[in-house]
Amino acid sequence: MQITEQRDRGVVVVAPVGRIDSTTSAALEGHVQALVRAGERRIVVDFAGTDYISSAGLRVMLVLAKGLRGGPGGLVFCAMTEPVRQVFDLAGFLPLFVIEPSRDAAIARLVGP
Amino acid sequence: MGARETVSVSGSSGGVRRATEAFEHFSDTHAVPTQARWRFLVALDEVLSNIVRHGFDGLRGTIDVTFALDERELTVRVEDAATRFNPLLAPTPDRAVSLEERSPGGLGIALVQALMDGVHYEWRDGRNVLTLKWRLDREGTTSHADH
């Protein structure tokens with residue numbers, strides 16, 4: 001897995017490329033937790049390049065969402081591939097998160113129109 | 001169409017990676033349909049990482065993973081001589097809808113059961129044997145099934 005990061009209108013967009021599983025999730029967790037520690041409060045995770053995600057990755061997303069709760073901003077997911085969307089669905093995670101089809105829509109959700 | 005292959009990997013994160021790579025190679029060679037492929041890749045990660053984390057109590061051990069494919073289904077069998085443990089008896093995660101109430105405990109094996117058509121555990125000759133099955137006839141579009 002590779003992680004790319006871009007900043008757009010005060011939102012950090014993190015894009016994990018490849019697989020998010022038990023062997024790669026620690027790197028992703030380190031990456032997003034560093035953002036939270038640095039004071040980032042508006043985060044988009046773009047799954048367009050993610051082959052699949054296992055529960056190790058779901059845990060990272062749960063912890064990240066909890067870390068961003070209670071303040072301004074928030075966490076939005078976008079561009080989920082079919083395997084990613086189905087794993088979120090099967091785990092019962094879809095209702096827990098804000099999910100947009102595109103990166104633009106996800107950023108707009110956090111900064112307003 | 002029928003194929004069968006067994007790989008033995010160490011009970012470590014490197015072993016998990018080797019087993020998933022072997023499955024990808026098997027899938028490429030035998031034209032396993034896309035959906036079956038990612039479902040097993042996720043399930044294998046859950047099952048194997050669970051054995052690595054809890055099964056060996058810090059000791060070294062190996063895990064045998066067998067892939068078996070026929071026209072109707074793909075079966076993956078995972079065998080280890082680690083601590084006896086039936087993952088299907090582990091508590092299932094709560095389904096509370098709010099984020100705060102949600103805990104990730106037990107998530108992995110619940111996900112495996114949701115991903116597969118069948119998951120079966122057996123303690124056989126001092127070994128844990130977990131069998132995962134996914135039906136292929138619902139997809140019907142492998143390169144072999146067309147003719």
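User: In this predicted model, how many residues of chain A are in contact with residues of chain B?

Analyst: The size of an interface is often given as the accessible area lost when the parts come together. Here a count of residues is used instead: in this predicted model, 20 residues of chain A are in contact with 19 residues of chain B. On the chain A side, helix 2 (55-68) and helix 3 (82-90) each supply at least two residues. Helix 2 of chain A gives the largest share, seven residues. By class, this side of chain A comprises 11 nonpolar, five polar and four charged residues.

User: Which residues of helix 2 of chain A are buried, and what do they pack against?

Analyst: In soluble globular proteins, nonpolar side chains tend to be buried together. In helix 2 of chain A the buried residues are Ser55(A), Ala56(A), Gly57(A), Leu58(A), Val60(A), Met61(A), Leu62(A), Leu64(A) and Ala65(A). Within chain A, they pack against strand 2 (11-20), helix 1, strand 4 (50-53) and strand 5 (74-78). They also pack against helix 2 and helix 3 (107-115) of chain B.

User: Where does a positive phi occur at a residue that is not a glycine?

Analyst: Most residues other than glycine have a negative phi. Arg9(A) has a positive phi of about 50 degrees and lies in the loop between strand 1 (2-8) and strand 2 of chain A. With 10 other C-beta atoms within 10 Å, Arg9(A) is exposed. Ala31(B) has a positive phi of about 55 degrees, and its place is the loop between helix 1 (13-29) and helix 2 of chain B. Ala31(B) has 14 other C-beta atoms within 10 Å and is therefore partly exposed.

User: What pattern does chain B follow along the sequence, and is its helix 2 mostly covered or uncovered?

Analyst: Chain B has three helices and five strands, in the order β-α-α-β-β-α-β-β. Of the 147 residues in chain B, 35% are buried. In helix 2 of chain B, 16 of the 21 residues are buried, which leaves the helix mostly covered.

User: Which residues have the most contacts inside the largest nonpolar core?

Analyst: That core has 65 residues, and those with the most contacts inside it are Val44(A), Val87(A), Phe40(B), Ala43(B), Leu44(B), Val47(B) and Leu48(B). Helix 2 of chain B gives the most to this core, with 10 residues. Among the residues that Val44(A) touches are Val11(A), Val76(A), Ile107(A) and Leu110(A).

Note on methods. Residues are numbered from 1 along each chain as its sequence is written. Chains are lettered from A and ligands numbered from 1 in the order in which they are written. This is a predicted model: local features need pLDDT of at least 70, side-chain atom pairs count only at pLDDT 80 or more; totals for chains, interfaces and linings use all residues. A residue is buried if 20 or more other C-beta atoms lie within 10 Å of its own, exposed if 12 or fewer, and partly exposed in between; C-beta atoms are placed from the backbone. Helices (H or I, at least four residues) and strands (E, at least two) are DSSP runs, numbered from the N terminus. A nonpolar core is a set of buried Ala, Val, Leu, Ile, Met, Phe, Trp, Tyr and Cys residues joined through C-beta atoms within 7 Å. Two residues are in contact if their C-beta atoms, placed from the backbone, lie within 7 Å. Ala, Val, Leu, Ile, Met, Phe, Trp, Tyr, Cys and Pro count as nonpolar, Asp, Glu, Lys and Arg as charged, and the others, Gly among them, as polar. Lists of a residue's contacts leave out its neighbours within four places in sequence.
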